[in-house]
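Subject: Structure handover

Hello,

Here is the structure for your files.

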Amino acid sequence: MQRPRVTPVSGTDAAALKMCVAKLDRVVARYALLPDQTFSGGCSALGAVQLRDIGVPVTGITAMTCPLAYAFTQWVQTDLQVPAIGEFGSAVVKIEAMGTYSCRSIAGSDRLSEHGSANAIDVAAFVLA
C-alpha cells in the first residue's frame, strides 16, 4: 500500500490552537504538537497533536485534532473511571483504540469520515485492573 503524499500547510488558527494546548496542559496531558499536513483524497491533519500520556495508556492512536485530544483526555480522566469502578469494581488501566487519523470515507458513503481530518477516535476495548 502506498503512503499518501504529505504536504505541509499553514491553515490552522494559531490562537485557537494556543488556547487548546493550554487546556491540554491544564488536564495534565503529555503530547507533541504535529505540523499541519494535507494528504491526497482531501484528507488533512490540521492543528493536530500526538497524545503521549493522559494517565491511562492508550494504544493505536496517532494524529488527532487538539480539540479531540482535549475532549478525549477529559473524558478518560473525569468521565470514565468512576462509572467503570461503579459498574465493574475496577479501574480502567488501558484503553485499546483502533485509530484516529485515517483517510477514508464513511462506510457505505462517498462522504469523508471525520477520521480523514484527524477528528475521530475508535475505541475498541477497555482493560480493567
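The notes below take the disulfides, then the aromatic pairs.

This is a predicted model, in which local features need pLDDT of at least 70 and side-chain atom pairs count only at pLDDT 80 or more, while totals for chains, interfaces and linings use all residues. Residues are numbered from 1 along each chain as its sequence is written, and side-chain values use heavy atoms, with hydrogens and water left out.

Disulfides

A disulfide is taken here as a pair of cysteine sulfur atoms within 2.5 Å. By this rule there are two disulfides, and with bonded cysteines counted along the chain they follow the pattern 1-3, 2-4.

One of them joins Cys20 and Cys66, with the sulfur atoms 2.1 Å apart. The torsion about its S-S bond is about -100°, so this disulfide is left-handed. The pair links distant parts of the chain, Cys20 in helix α1 (residues 14-26) and Cys66 in helix α2, 46 residues apart. Helices (H or I, at least four residues) and strands (E, at least two) are DSSP runs, numbered from the N terminus. Cys20 is buried at 7% relative accessibility, and Cys66 is buried at 1%. Buried means under 20% relative accessible area, exposed over 50%, and partly exposed in between (1.4 Å probe, protein chains only).

Cys43 and Cys103 form a disulfide with sulfur atoms 1.9 Å apart. With 80° about the S-S bond, this link is right-handed. Cys43 sits in the loop between β3 (37-39) and β4 (44-45), and Cys103 in the loop between β8 (92-99) and β9, 60 residues apart. Cys43 is buried at 2% relative accessibility, whereas Cys103 is partly exposed at 33%.

Aromatic pairs

Rings of Phe, Tyr and Trp (its six-membered ring) pair if their centres lie within 6.5 Å; planes under 30 degrees apart count as stacked, over 60 as edge-to-face and the rest as tilted. A search of the whole structure finds three aromatic pairs. In one of these, the ring centres of Phe72 and Trp75 are 5.9 Å apart and the planes are at 35°, so the pair is tilted. Phe72 and Trp75 are three residues apart in helix α2 (residues 66-88), separated by about one helical turn. Phe72 is buried, at 5% relative accessible area, while Trp75 is partly exposed at 30%.

Trp75 also forms a tilted pair with Phe126, at 6.1 Å centre to centre and 50° between the planes. Trp75 lies in helix α2 and Phe126 in strand β9 (residues 122-128), so this pair ties together parts that are 51 residues apart in sequence. Phe126 is partly exposed, at 39% relative accessible area. Ring pairs link Phe72, Trp75 and Phe126 into a cluster.

Regards
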